[in-house]
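Subject: Structure for you to look at

Hello,

The sequence and structure are below.

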Amino acid sequence: MKAATALIRTAALNHNIDVIRAMAPNSRTWAAIKANGYGHGLLPVAKALSSQVDGFGVARLDEALQLRAGGVVKPILLLEGFYSAVDLSTVVANNLQTVVHCEEQLQAFERATLEHPVTVWLKIDTGMHRLGVNPDDVCDFISRLEACSSVAKPLHFISHFGCADEPENPLTKQQIALFNTLTAGQPGLKSLAASSGTLMWPTSHFDYVRPGISLYGISPVSERTGADFGLQPAMTMTSSLIAVRRAKQGDAIGYGSRWVTPRDTLLGVVAIGYGDGYPRVAPDGTPLMVNGRRVPLVGRVSMDMLTVDLGPDATDRVGDEVILWGDGLPVEEIAQHVGTIGYELVTNITSRVDIIYT
């Protein structure tokens with residue numbers, strides 16, 4: 001019997017990158033494996049994909065250093081750039097590439113004396129208004145970066161969509177047009193599309209695509225699943241029944257007595273809770289799978305356990321496997337019940353969840 005366990009199929013990762021590359025056949029690929037490989041394991045995901053991608057994108061320097069320490073030699077891009085000028089020596093020593101998105105990072109390069117120049121991607125704010133250089137300042141940044149001996153030439157260009165998961169939103173076309181205008185005539189490489197752009201906006205593919213959530217078989221688009229794009233879920237979250245109990249009509253279940261049984265039934269207690277990353281806010285009726293059939297969550301999720309209504313005629317037994325999401329039960333569906341997105345569920349699993357790679 002196992003408690004909370006995440007089963008990761010590396011074959012699904014390989015399948016998904018094949019699907020993504022077929023959608024962007026003329027682009028190279030940065031595989032986004034930040035946030036511990038979206039909860040799937042930073043280093044194992046990198047090793048599984050290493051032969052099929054051109055490099056890896058991470059959010060933070062410590063993620064890049066973990067990859068280098070684990071033997072990953074492919075190019076690594078710091079998608080948020082570096083946080084302090086003192087980090088530049090570490091960037092050089094580990095042969096990392098970096099985004100530059102603000103004046104402080106630019107000044108750090110202007111003041112730096114480095115052993116080797118660094119490959120830089122200038123991040124342009126084309127409309128998301130989170131990180132990036134304002135369009136009016138792009139020419140100035142290009143001139144100053146090109147004048148830096150610490151910056152490798154040519155300079156490359158990157159931006160990020162705000163609404164690419166909304167097919168009817170006009171902002172995406174506006175962002176593509178602005179990115180084209182601001183980078184016209186520049187010799188460097190260009191990258192704009194993450195998962196949504198890669199799957200839905202072919203004109204945004206440019207030289208590099210940067211798939212993230214889609215690598216793991218999860219849709220970046222609300223109300224669609226990864227299967228709609230030909231993707232396979234890489235993670236199946238499982239646990240086990242640790243009790244099967246009879247409940248009478250009118251019994252109140254769990255903390256706060258949130259759910260009251262409408263009939264005599266059998267309840268299953270599952271060894272997983274918010275201490276493992278399963279969302280405490282999951283409402284009654286959120287589906288789980290037991291022995292190939294869907295059963296509803298009933299009562300409030302506890303730290304270590306949750307309860308399901310197995311039905312009055314159930315034959316399930318202690319030790320039977322329970323699927324929380326994954327094979328046969330898309331994480332996107334669970335996210336809709338909870339009122340969040342699949343990204344949050346897979347990245348929120350905690351360190352006590354046993355991760356097994358197959």
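**Notes on the model**

The buried residues of helix α1 are covered by elements including β2 (28–32), α3 (42–49) and α9 (195–200). The covered residues themselves are A12, L13, N16, I17, V19 and I20 (buried means under 20% relative accessible area, exposed over 50%, partly exposed in between, with a 1.4 Å probe and protein chains only). Seen down the axis of α1, they fall within an arc of 160°, so they line one face of the helix; the arc is taken from the directions from the helix axis to the C-beta atoms.

This is a predicted model, in which local features need pLDDT of at least 70, side-chain atom pairs count only at pLDDT 80 or more, and totals for chains, interfaces and linings use all residues. Residues are numbered from 1 along each chain as its sequence is written, and side-chain values use heavy atoms, leaving out hydrogens and water.

Helix α1 covers residues 10–23, 14 residues in all, and spans 20 Å from first C-alpha to last, close to the 20 Å expected (1.5 Å times one less than the number of residues). Helices (H or I, at least four residues) and strands (E, at least two) are DSSP runs, numbered from the N terminus.

S150 sits in the loop between α7 (138–146) and β7 (156–158). S150 is buried, at 3% relative accessibility. Leaving aside residues up to four places away in sequence, S150 touches F109, A112, L114, P117 and V118 (contact means heavy atoms within 4.5 Å).

I242 lies in strand β10 (residues 235–247) and is partly exposed, with a relative accessible area of 36%.

Regards
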